[in-house]
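Here is a short report on a structure. Please look at the sequence and the model first, then read on.

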Amino acid sequence: MKYVFLALSSCLAIIAQMIAGRNFFLFNFLDLSIILVAYWAIYRSRMQALFVGSLAGLLLDAAMGWPIGYNGFGKTLAAFAIGQCWKRFNTADQLWVRFAIIATSSCLNSLSIYILFWLMQRSASRIFLGASILQALITAAVGVLIFAGLENYKRTQAHKAH
Amino acid sequence: MPSKVSKERALLVVIPLLILHLALLSLQIEGPSGTLLFKTWTLAVQAPVISFSSGIARAVRRVWSNYVWMVGARSENQQLQETVRRLSLLNSSYEQERQENARLRRLLSMTDSASYKTVGARVVARTPSFLSNVIYIDRGSKDGVRIDEPVISGDGIVGRTILVSRYQSQVQLLTNPDASVGVMLERTRTPGVLRGSGDFLLDLNYIGNSEQVENGDLVLSSGLDGIFPKGLGIGKVVDSRKGKGVFRSIKVQPFMDFMRIEEVSIILKSM
């Protein structure tokens, strides 16, 4: 059941990304799957985050019509980076650390895809790297806001329960 | 701080996942030569292993042949010196004929087949399956080797390159059932197609029943296949009989001993 939920959440993130990106241009600069991966790495299990990243990447490749593997590789790497960094640094009260971790992971994802393009002897536009930095910043900002809201909500619920 | 154990566990998951994605990608993408990257990468990964083990085997063989297997070396040396003297005389007469041939060729404005750019290579491995008839040589794209380039030896045509990585190439031998060469009979200039049969003998196809083919007839490349240059020796006819249909059934014994190939040359088309 847990793995069905993993798969479903990955699917939903991709579909949401596709629908939103088609209607609102700025959503193209938001990587929902990275936020999803970060969520699993932070609040659930880092192992599961790897699988979520991997699966979300594969689905994203399929959706984009790319050869399967580019995004899978990038998202898995990003999930690993987020999982390792989140526990290593104190992220509880320092929002900028969270921001930096998500942004760096998003950049790592894009950079790995760019390198894979180069390795596979495919041309990748330099604009891709520029847009990736913008995407990393927006994704990190939105991610930090979502997680802050989530924690705030949990705190309020816990406070009410007491 | 994450514990060391959990980090190692994460690495145990992330590395296979990353490799899986790379494998998926390489199974879908072709390189500029039209070969799947998966094949090229596999060859590139196994190249150092093959080179290393081949080097060890060569060293062992060298020690064996240079230091252990020296019985009768003195008498063999005398025989060889005698052979060298005889061959030197023969060679000088051939040299005269070669020069005369070159003059005649120039007169006829024909291209000298020796003008092909070649690169020497050492055979480093062969596939274990007898049916595949594929060898690996220690030259690759770094040395200018490309796919579908003819591989020859002193005895004639060996095969063609079918897969090229940076440092190694795979060569499909003439005996491979998938291999074929455009040929002609030296005596009658009759064209045909020589095919590998997976056996030591090759099948010469598409020679009509009405053609005169005798045992011992030399078989040369015709150059019509677009891969092998014209006039390279391949073998001689050892069995020729009328076929049931339109064509004769002809068996050709290659000059090359395909089980004992050690050094070859690749004719570089790109040069």
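## Two loop residues in chain B

In which loop of chain B is B:Asp148 found? B:Asp148 is in the loop between strand S2 (134–137) and strand S3 (150–153) of chain B. Keep in mind that this model is predicted. The phi angle of B:Asp148 is near 65°. That is a positive value, and the residue is not a glycine. B:Asp148 has 14 C-beta neighbours inside 10 Å, so it counts as partly exposed.

B:Tyr206 also has a positive phi, of about 60°. B:Tyr206 is not a glycine. It is found in the loop between strand S8 (202–205) and strand S9 (218–221) of chain B. B:Tyr206 counts as partly exposed because it has 16 C-beta neighbours inside 10 Å.

## Chain B as a whole

Chain B has three helices and 12 strands. It has 271 residues, and buried residues make up 27% of them.

Now take the contacts in chain B between residues at least 6 apart in sequence. Of these, 55% join residues at least 24 apart.

## Two helices side by side in chain A

Two packed helices are described by the angle between their axes and the distance between the axes. In chain A, look at helix H4 (residues 70–88) and helix H5 (residues 95–119). Their axes come within 8 Å and cross at roughly 150°. Angles over 145 degrees count as roughly antiparallel, so H4(A) and H5(A) are roughly antiparallel to each other. Their crossing is right-handed.

From H4(A) they include A:Tyr70, A:Phe73, A:Leu77, A:Ala81 and A:Trp86. From H5(A) they include A:Ile101, A:Ser105, A:Leu108, A:Ile113 and A:Leu116. By class, the contact has 13 nonpolar, eight polar and one charged residues.

## The nonpolar cores

In soluble globular proteins, nonpolar side chains tend to be buried together. Here the largest nonpolar core holds 45 residues. Which of them touch the most other members? They are A:Val37, A:Ala41, A:Val52, A:Ala56, A:Ala79 and A:Ile82. Helices H1 (2–23), H2 (32–43), H3, H4, H5 and H6 (126–161) of chain A each give two or more residues to this core.

A second, separate core has 40 residues. Among them are B:Leu43, B:Val151, B:Ile234 and B:Ile261.

A:Ala79 is found in helix H4 of chain A. Is A:Ala79 buried or exposed? It is buried, because 34 other C-beta atoms lie within 10 Å. A:Ala79 and A:Val37 are 42 residues apart in sequence. In space they are 5.8 Å apart, C-alpha to C-alpha.

Set aside residues up to four places away in sequence, and A:Ala79 touches A:Val37, A:Ala41, A:Ala49, A:Leu50, A:Val52 and A:Gly53.

## Where the two chains meet

How many residues of chain A are in contact with chain B? There are 20, and they are in contact with 17 residues of chain B. Helix H3 (46–64) and H4 of chain A each supply at least two residues of the side that touches chain B. H4(A) gives the most, with 10 residues. By class, this side of chain A has 10 nonpolar, seven polar and three charged residues.

How values were computed. Residues are numbered from 1 along each chain as its sequence is written. Chains are lettered from A and ligands numbered from 1 in the order in which they are written. This is a predicted model: local features need pLDDT of at least 70, side-chain atom pairs count only at pLDDT 80 or more; totals for chains, interfaces and linings use all residues. Axes are lines fitted to C-alpha atoms, for helices over the stretch in contact, and angles run from 0 to 180 degrees between N-to-C directions. Helices (H or I, at least four residues) and strands (E, at least two) are DSSP runs, numbered from the N terminus. Angles under 35 degrees count as roughly parallel, over 145 as roughly antiparallel, 65 to 115 as roughly perpendicular and the rest as oblique. A crossing is left-handed if the near helix is turned anticlockwise from the far one by less than a right angle, and right-handed if clockwise. Two residues are in contact if their C-beta atoms, placed from the backbone, lie within 7 Å. Ala, Val, Leu, Ile, Met, Phe, Trp, Tyr, Cys and Pro count as nonpolar, Asp, Glu, Lys and Arg as charged, and the others, Gly among them, as polar. A residue is buried if 20 or more other C-beta atoms lie within 10 Å of its own, exposed if 12 or fewer, and partly exposed in between; C-beta atoms are placed from the backbone. A nonpolar core is a set of buried Ala, Val, Leu, Ile, Met, Phe, Trp, Tyr and Cys residues joined through C-beta atoms within 7 Å.
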